[in-house]
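Hi there,

Here is the structure I promised to pass on to you. Have a look at it first, and then read on for what turned up.

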Amino acid sequence: MFSWKWVHDTIPEAEAREVSEDVRSDFQRRVPYNYLQRAYIKIHTQSLPPDPRLTSAIASAALSISYHMHNALWLRGVAQWQTHNCVLLAVTVLNQLEKAVEAGHTFFMANPEHMEMQQNIENYRTMAGVEESQLVDREARPHLESYSAGVKHYEADDFELAIKYFEQALREYFNEDTECRALCEGPQRFEEYDYLRYKAGLYEAIADHYVQVLVCQHECVRELATRPGRLSPIENFLPLHYDYLQFAYYRVGEYVKALECAKAYLLLHPDDQDVLDNVNYYESLLDDSMDLASIEAREDLAVFVKRHKLESELIKSAAEGLGFSYTEPNYWIRYGGRQDENRVPSGVNVEGAEVHGLSSGKKPSPKIDRDLREGGPLIYENITFVYNSEQLNGTQRVLLDNVLSEDQCRELHSVASGIMIVGDGYRGKTSPHTPNEKFEGATVLKALKFGYEGRVPLKSARLFYDISEKARKIVESYFMLNSTLYFSYTHMVCRTALSGQQDRRNDLSHPIHADNCLLDPEANECWKEPPAYTFRDYSALLYMNDDFEGGEFIFTEMDAKTVTASIKPKCGRMVSFSSGGENPHGVKAVTKGQRCAVALWFTLDPIYRELERIKADEVIAILDQEQQGKHELNINPKDEL
C-alpha cells in the first residue's frame with residue numbers, strides 16, 4: 001500500500017527544497033559590505049542611540065572583510081545583526097552616506113546580478129552630495145581595473161588611451177604577481193596527504209614544502225585572472241593584453257611595438273594563424289634597413305613565460321619523485337580571444353581564410369558545448385508554432401501556443417490555490433526577488449501528495465505531472481537532442497502584485513539572470529560556477545493565465561539591459577530555451593493580479609535528476625497499479641466463464 005511516510009523519509013529536508021540563486025549568492029561574495037551599506041544609510045537617515053552590541057556587530061563585520069569573510073567574527077556579526085531585525089548595524093561615525101555608497105558599490109562589483117543593490121546604486125546617484133567619484137570599490141584590484149579601462153578605450157577606438165591603460169595593467173599585473181608569489185612562502189598543505197601518517201624525513205619534508213610553495217606560485221596566474229567574487233578566471237587573460245596592444249600600436253603607427261607585442265602573444269599561442277599573419281604584415285611595413293631579427297617578443301612576457309615553463313617542468317618532476325598527482329592546467333585557453341573585426345589589420349590577405357571574431361559592435365556569443373539544432377517535430381496535435389530562435393533574436397529559443405487547453409489552464413489555476421506555499425523554493429522568503437510581489441510555489445510531488453490526501457482533486461494533481469512531462473517531450477523533440485532530457489526541477493509558481501506598492505515601481509518581478517551560470521554584465525561574461533545550477537541545460541515556462549497586468553517575459557543581451565524579445569504570457573503558451581549565458585532573461589513587474597506558470601528546468605546529465613520527480617514517478621506508478629487493481633475487482637464473474 002502507498003505510504004507518504006515512505007516518501008518523506010526518503011527525501012531529506014535539505015534536498016526536498018531548492019534554494020534560489022539569489023539567496024545563495026547573497027551569502028557567497030562580499031556580504032559584509034551589503035550589511036555595512038544598509039547600516040550606514042540607516043545612520044544617515046535617522047539618529048540612533050549608542051548600543052554596545054551594535055558597535056560589536058559592525059566591528060565584527062568590518063573585521064570579517066579584512067579576513068576575507070573566513071573569520072568566525074563574521075558569523076557573530078551576522079547573528080547580532082539579525083538580533084536587531086537585520087536593520088540597524090551602526091556606530092556613531094561621520095560621512096555615513098559616503099561610506100554607504102562605497103560599501104554598496106563594493107558589494108555590487110562582485111554581485112552584479114543583485115537587483116536590490118543595483119537599484120540602491122541608482123538611487124545613490126540621484127542623492128544630493130553623492131558624486132560619481134564616490135562609487136569606489138574598496139577591494140578593487142588595480143590590474144583588473146586598468147585592463148577593463150583599456151578594453152573600453154579600445155572599443156571606443158581611442159587607441160592612445162587604450163595603450164596607456166593596457167601598459168599600466170601589465171605593470172600592475174607583474175607587481176601583483178610578485179606579491180602573490182611572496183604570499184605563497186608560508187605554510188602549505190596538499191589536500192590528498194594524510195598528515196597524521198606523514199613520516200617523511202627532514203630533507204624529504206623540506207623538498208615537499210618547497211614544491212608546495214612552487215605549486216602555489218605557479219597558480220598565481222589563475223589568481224590574478226579571476227575577478228572579485230568569481231571562481232573561474234578570465235580566459236586567456238594575460239595574452240589578451242598583448243593581443244589588444246599589437247593592434248592598438250599598429251593603429252597609432254608604432255609598428256615596431258606592434259610587432260613586439262604580436263611576437264609576445266605567439267610565445268603562448270605559437271600556432272595562432274591570425275597573429276602569424278599580423279607579424280608578417282607588420283614586418284612588411286618597416287623600413288628595409290631595419291634588422292627584423294633583432295625585433296623580439298616583449299621582454300616582460302618572455303621572462304615570465306620562461307619562468308612559468310621551468311616551474312611547470314620542476315613540478316612535474318617533483319610529482320613523480322614525491323608521489324603526488326599533478327596535472328598542468330590550461331592557463332591560456334585559445335577561445336578566450338579578442339572579439340572584434342580588427343584582429344587582422346587591413347592589408348593582410350585573408351581572402352578565403354577564417355577571420356576569428358565578430359563584426360564591430362557585437363558581443364561575443366557564449367560558448368555552448370554541444371551541437372545546436374532546432375526545428376524538430378512538436379509531436380502533439382493542436383500545438384501552434386509561433387517563433388523560432390531567429391525570430392526571437394537569439395540562440396536556442398522557441399515560442400509555442402496551445403500546449404494547454406483553456407480547460408486545463410482553468411483546472412491548474414484552480415488547483416494552484418490549494419497547494420501553493422508562500423516562499424516555496426526560497427526558504428519561505430515571501431518576496432525573494434522584489435518586495436512588491438508575493439511569491440508562492442509548489443512542487444509536483446507536493447501536488448500528488450495533496451491529491452492523494454483528498455485536499456485537491458487527484459485528477460488535477462495528476463494533470464500537473466502530465467503536462468510537465470508533455471513539455472519535457474516537446475523540448476527534447478524540438479531541439480533535436482541526441483540524449484534523454486531529464487527533469488532538474490519542476491515548480492508551479494504564482495507571483496501576486498501587492499496592493500499599495502505599485503506606484504512608480506521601477507524594479508522587475510524577477511531580475512535578469514541565466515539559469516546555469518552567474519551573469520556578470522560588467523564583464524560581459526556568465527560564470528558557470530557555484531552557486532549557479534551549472535548542470536541545467538534547457539528551461540521552459542508554461543503559462544496558465546493572462547488576467548493580470550505586466551509580467552512580460554523578456555530576453556536580453558548579456559548587458560542585462562538591451563531587450564531582444566518580449567513575450568506576453570497567456571493560457572497554453574510555452575517559451576523554451578537553452579539555460580546558459582546565451583539566454584539572459586527575466587520577468588517584468590506584475591503590477592496587478594496574479595501571474596501563474598509551470599517553471600521547468602532540464603538536464604542532460606542523469607546524475608542531476610530531480611529527486612522529487614523520481615519519487616513522483618514512483619507515486620504515479622503506484623497509483624496506476626492501485627487503479628488497475630480496482631478495475632480488476634469490477635470484472636463480471638460471468639465474463640470469466
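**What was found**

The protein chain has 641 residues, and 49% of them count as buried. Please keep in mind that this is a predicted model. The chain holds 20 helices and 16 strands. Taking contacts between residues at least 6 apart in sequence, 75% join residues at least 24 apart. The accessible surface comes to about 31700 Å², and carbon and sulfur atoms account for 50% of that.

Now to the charged pairs. Side chains of opposite charge can pair when their charged atoms come close. In this model the count comes to 23 salt bridges.

One of them joins R141 and E223, at 3.6 Å from N to O. These partners lie 82 residues apart, with R141 in the loop between α8 and α9 and E223 in helix α12. R141 counts as buried at 19% relative accessibility, while E223 is partly exposed at 40%.

Another pairs E437 with R505, whose closest N and O atoms are 2.5 Å apart. Here E437 sits in strand β4 and R505 in the loop between β5 and β6, 68 residues apart. Both residues are buried.

A local example is E618 with K615, at 3.8 Å between the closest N and O atoms. The two are three residues apart in helix α20, so about one helical turn separates them. E618 is partly exposed at 30% relative accessibility, whereas K615 is buried at 11%.

Best wishes

Technical notes
Residues numbered from 1 in each chain as written. Predicted model: local features only at pLDDT ≥ 70, side-chain atom pairs only at ≥ 80, totals over all residues. Heavy atoms only, no water. Helix = DSSP H or I, 4+ residues; strand = E, 2+ residues; numbered from the N terminus. Buried < 20%, exposed > 50% of the residue type's maximum accessible area, 1.4 Å probe, protein only. Contact = heavy atoms within 4.5 Å. Areas by Shrake-Rupley, 256 points an atom, 1.4 Å probe, with all protein chains shown as cover. Salt bridge = Lys/Arg side-chain N within 4 Å of Asp/Glu carboxyl O.
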